[in-house]
Structure formats: structure tokens, C-alpha cells
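Have a look at the model first, then read on.

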Amino acid sequence: EAVSYDLSSILTANGISKIVIQGIFLCLVGSIESLMTAEVVESFTKEPGDGNRTVLAMGGANLLSGFLGGMGGNAMIGLSTVNCLNGGKGRLGPCVTALGIMACVMGAYPLLNFIPVAALAGIMLVVVFHTFKWFTIPMILAAFLPRSLRNKLSLQRKVPRIDAIVIIIVTILCKWPAGTNIAVAVGVGVAICSMSYAWNSADTFEVIVSEEDGMKTYFIHGPFFFTSANRFLKMLNADTDPDQVEVVFSEATSLFDYSAMQAMNKISAEYKSKGKQILFKSLCSKSTKLLMKAQHLMSETEYTERDMEVTDLKGVEYGLGDLPQGGELGDALEKFGVPRSGSKQSTMVNHDDLTVVVGNEVDCLKAPTKSVSRMAKKSPGCIMVCPCTGGV
């Protein structure tokens, strides 16, 4: 008999909201399970996969299936594990599986009644046995035991306690309480890990202070975001600092959020109100990009972008293109009297320690440093810095 469905409620506000919400959950669950399946398959085949292609293929197939009236689906860990355990590590196995399922859906489904349920249960037990990470049980147990008990029980596989807590919470939320699923569980797990990272990152933020010739310099190291911004505000004192203050960002420091930018602008305004100057130096390109986008909120902040370390720059070789504009490298080159436009003939300035080659293909080396390993990347038209005593 033909089955009829009441579709009158689909175009209502309640119907559309249900479709959108379920679609988002199905998208998340399908993507997560497909990527988890790809990881399991890679552990069997020992070959790297492409997560982007996996999710794109799944999305395209589900879109086509929906237009044809079919149900959505995703990669299955069980089927993939059985396939790999039986030697099916190529494309033939999945194709045969897909054709078999299509045959059953199109008319051969009565044959499924002849398959014993015990056989299906046995297959699933084998899948669970090979899929479950059994080593995680003692690993989680060791995370909550003191060292003395771990040594007695020979439990050496210890992970951070927060990781063990996340594993337990995600596992429980996949099935309990009612209404939760793998998408909710993964979301909660990511939120807990994010808070843990923010908490631990706050402890890695360091400030080193030096003062010389009436100039006070703050060297900051570590991620600069909401957890470290408040600490940074308390370390600077516009009342007792000299008239000239610099804040130098290390290579490991970058701005992450609005709280850090607000702290910079607040500090700058406070120093200016006292008739003093504060300059933020050596910001990475990502940080300067954030500041430029929020320049209407950063009217009090003065900063410079980091090109390279130029404190011990001794010589410059230039030619074959235009020199970089602005930044510490550009300022240092101006001090050497190097013109803004390079000549066809390369010119060398005598030096004792460093050489800079400036050309027209600056993208080939975007982050010049004094590392010897960079010398291997030398090519015509690059900016390169290397320790040497002669020409490059």
C-alpha cells in the first residue's frame, strides 16, 4: 500500500525551525563520525587521508539523496572496520558495499530476513573489540591516582587530568541524558578544552622589564588575550614610569581578542594623559591586521610592525626591485641611505656581521630571520638575513 504523509506543517515557522535545527545537528554528527571513521581507517591502511574531501563527498551525496527522497547518511565505523579487517583497503570494497545496499533498498530487502541476528551481533562484537581503545581505561585510571599507587600498579600511561575528564564527559553525553548526541558531546568537550587552554596560557604570559638612559622597556612573551590583559594592566604604572616607554612583543606573542586591544588602548590613553609616550613594538602581521580593522577603537595606540631584528644590522645589499615600505626593516634601511627603488646592479654596503638582500619577490621569504637554515631558501629577489662575513 502507498504511504501518505501530511506535509502541510513543513512551511510553518515551527516546521522550518525543526528542519534547520535537525539539519545542523545531522551535519555536525555526520561530519564528526565521518572524520572519526577516516581516522580509524588511516590507522589500518597507514596512509594519510584528506578530511576536506571526505566531508565534501559526504555533503554532496546527502544533498543528492535528499533531492531523490532518500535518507541522509555518513561513513560508518563498523562497516569500515570490517572492510579493513578483511583486506578491503582500496575503493572496491566501499563500492561493493554501496551497490549491495542499493540492491537491498530497491527490492532485495526480504533477503535480509534470512540473516541470523546472532551473526549480526557477532560482527558488531568484533567491530567493538577492534575499534575500542582499550589502553584508555588504565590511562584514565592513572590520571586520578597518586604517583605511589601508579608505581605499584605499573600504570605509566598518564595524561593530564583535564583530558581524562573530557574523555569521560564526552563518552557519557553521547548517550545520556536523553536528547544529547555526539554533536552536543563534542561541543561540550571543545568548550572544556578551550577553558583549560585559556587558564594554562595565562600562566605562560611573562613580562621582563629593563630601564636604560631614561627609557623603560617591557618585553612581553606569551599569548596576549583576555586572561593575560588584566595582568598586563597591573604591571604598567604611568605614574612612576619615565616619559619614554616601549612594549616589545616577542615572536611568540600576538593579539587574540578585543580585551587585549582594549588593554593596549587604555594604557596608551593613561600614559598620554600624564604627558608620556608609550610605543608597542614588533607586532606580528596578524596583530597589526586586527588593530587596523579596529582602528576607530585604537585611536590612542601607537605601534610598529615586526619585520626583523635590526639592532645589530651592519650591512645591506640591494637591487633587483623595490625595498619594503615601513616597519623596522624599512627604517633601518633608510638609516643606511639605501634608496627606495633598487637599481639593476646589486650594490653592497660594507658590513661585519649581517647582510640583507632585498629584491622584488618578497613573498618567497615572508619571515626573515638570522637563522643559518634560511640560507638554503636563497633565491633571486628574496629578503634574506644570515650571519656571514662576506657577500651573499
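Trp-134 has a relative accessible area of 45%, so it counts as partly exposed (buried is under 20%, exposed over 50%, partly exposed in between, with a 1.4 Å probe and protein chains only). This is a predicted model, where local features need pLDDT of at least 70, side-chain atom pairs count only at pLDDT 80 or more, and totals for chains, interfaces and linings use all residues. Residues are numbered from 1 along each chain as its sequence is written, and side-chain values use heavy atoms, with hydrogens and water left out.

**Aromatic pairs**
- The count is 9 aromatic pairs, where rings of Phe, Tyr and Trp (its six-membered ring) pair if their centres lie within 6.5 Å; planes under 30 degrees apart are stacked, over 60 edge-to-face and the rest tilted.
- Trp-134 pairs with Phe-129 in a tilted arrangement, 6.3 Å centre to centre and 50° between the planes.
- Phe-129 is exposed, because its relative accessibility is 55%.
- Phe-224 and Phe-232 pair edge-to-face, at 5.2 Å centre to centre with 70° between the planes, and both are buried.
- Phe-224 and Phe-232 also belong to one aromatic cluster with Phe-205, Phe-249 and Phe-280.

**Helix α10**
- Ser-228, Ala-229 and Phe-232 are buried in α10, residues 226–235 (helices are DSSP runs of H or I, at least four residues; strands are E, at least two; both numbered from the N terminus).
- These three sit on the same side of α10, because they cover an arc of only 110° around the axis, taken from the directions from the helix axis to the C-beta atoms.
- The cover over the buried residues of α10 includes β1 (206–212), β2 (215–221), β3 (244–249), α11 (258–273) and β4 (277–283), with contact meaning heavy atoms within 4.5 Å.
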